[in-house]
There are 2 protein chains.
Amino acid sequence: MTYEGKVLAALADPTRRAIFEKLAKGRSSVADVARSLPVSQPAISQHLKVLKEAGLVSDEPLGQRRIYSIDPAGLGPLRQWLDRFWEDQLAAFKVLADSDEASGAGPRKPER
Amino acid sequence: MTYEGKVLAALADPTRRAIFEKLAKGRSSVADVARSLPVSQPAISQHLKVLKEAGLVSDEPLGQRRIYSIDPAGLGPLRQWLDRFWEDQLAAFKVLADSDEASGAGPRKPER
DNA sequence: TTCCTTCATAAGTCATGGCTTATCATAAGG
DNA sequence: CCTTATGATAAGCCATGACTTATGAAGGAA
């Protein structure tokens with residue numbers, strides 16, 4: 001699977017996003033994460049495994065605990081993938097906007 | 001569900017990403033998309049529905065066909081969500097890097 | 001009208017994945 | 001040693017979702 005695919009699949013789950021957001025506020029142990037969410041400790045471990053394989057978190061042993069923290073570089077692939085469309089679409093949009101300017105219409109999208 | 005949640009869930013599926021990427025290269029009909037992918041036309045329609053509800057595509061009738069195109073603004077929520085972590089982590093990283101500089105060490109996380 | 005094409009929806013199948021409880025390994029403390 | 005705390009894994013349950021085929025609606029073309 002592609003890098004961005006792994007990252008997207010990992011972040012698509014709400015519980016995993018909650019874990020990720022908590023770790024973004026500060027590194028913490030598995031039990032600490034489990035205490036802050038309404039799921040069991042094994043569920044947390046499973047989610048952390050997915051996040052780790054996606055390159056979004058890293059872990060480090062500390063005594064009998066294991067401290068997990070965010071790997072900010074893990075968001076890189078997703079960001080790059082996003083930027084592709086961003087640039088493509090902005091370029092295409094600009095062409096439309098320029099042609100619309102001649103007709104007096106502003107670059108506006110119709111609301112649903 | 002949150003906006004970024006919808007977008008992430010929509011883009012997490014490989015087939016939907018393929019559809020999205022194809023539409024990014026140019027607007028096209030449902031049958032046209034179906035011809036370019038190894039799934040049936042109903043499957044494509046179902047995926048397009050999800051993408052549309054996530055705000056990632058828009059459609060417009062053209063005779064008996066329906067032309068789908070990308071809505072570039074749909075990526076906004078995901079991008080904003082991403083930027084939050086990006087900034088947070090870069091800021092935290094910078095603080096560590098600065099404090100470590102005084103001690104001559106490289107940008108590394110403190111132990112314990 | 002009668003085709004023919006395009007597309008959406010309904011209904012059903014099947015695999016995936018998120019969760020649980022149970023269990024085991026490891027590390028610290030008595 | 002034994003106990004406690006922590007976390008990873010196994011096994012099973014069950015809901016979700018990605019697909020299929022079948023069908024119907026809607027818009028040209030004959």
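In this predicted model, the surface near DNA strand D draws at least two residues from each of α3 (30-35), α4 (41-53) and β3 (65-70) of chain A, and likewise from each of α2 and α4 (41-53) of chain B. The largest share, five residues, comes from α4(A). By class, this surface holds seven nonpolar, eleven polar and five charged residues.

Of the 23 residues around DNA strand D, those that come nearest are A31(A), S45(A), Y68(A), S40(B) and H47(B).

| Residue | Protein atom | Atom of DNA strand D | Distance |
|---|---|---|---|
| A31(A) | polar backbone atom | phosphate oxygen | 2.5 Å |
| S45(A) | polar side-chain atom | phosphate oxygen | 2.4 Å |
| Q46(B) | side-chain N or O atom | base oxygen | 3.1 Å |

The two protein chains also touch each other: 28 residues of chain B are in contact with 27 residues of chain A. About 2,800 Å² is buried between them, with carbon and sulfur atoms giving 68% of that area. Four salt bridges are found across this interface. D83(A) forms a salt bridge with R79(B), in which the closest N and O atoms are 2.1 Å apart.

On the side of chain B that touches chain A, the elements giving two or more residues are α1 (3-12), α2 (14-25) and α5 (76-102) of chain B. The largest share of that side, ten residues, comes from α5(B). Its residues comprise 15 nonpolar, four polar and nine charged ones on the side of chain B that touches chain A.

Conventions
Residues are numbered from 1 along each chain as its sequence is written. Chains are lettered from A and ligands numbered from 1 in the order in which they are written. This is a predicted model: local features need pLDDT of at least 70, side-chain atom pairs count only at pLDDT 80 or more; totals for chains, interfaces and linings use all residues. Side-chain values use heavy atoms; hydrogens and water are left out. Contact means heavy atoms within 4.5 Å. Buried area is the accessible area (1.4 Å probe) that two parts lose on being put together, summed over both. A salt bridge is a side-chain nitrogen of Lys or Arg within 4 Å of a carboxyl oxygen of Asp or Glu. Helices (H or I, at least four residues) and strands (E, at least two) are DSSP runs, numbered from the N terminus. Ala, Val, Leu, Ile, Met, Phe, Trp, Tyr, Cys and Pro count as nonpolar, Asp, Glu, Lys and Arg as charged, and the others, Gly among them, as polar. A residue is near a molecule or strand if one of its heavy atoms lies within 4 Å of it. A polar contact is a pair of N or O atoms within 3.5 Å; within protein, one must be able to donate a hydrogen and the other to accept it, and residues adjacent in sequence count only if both atoms are side-chain atoms.
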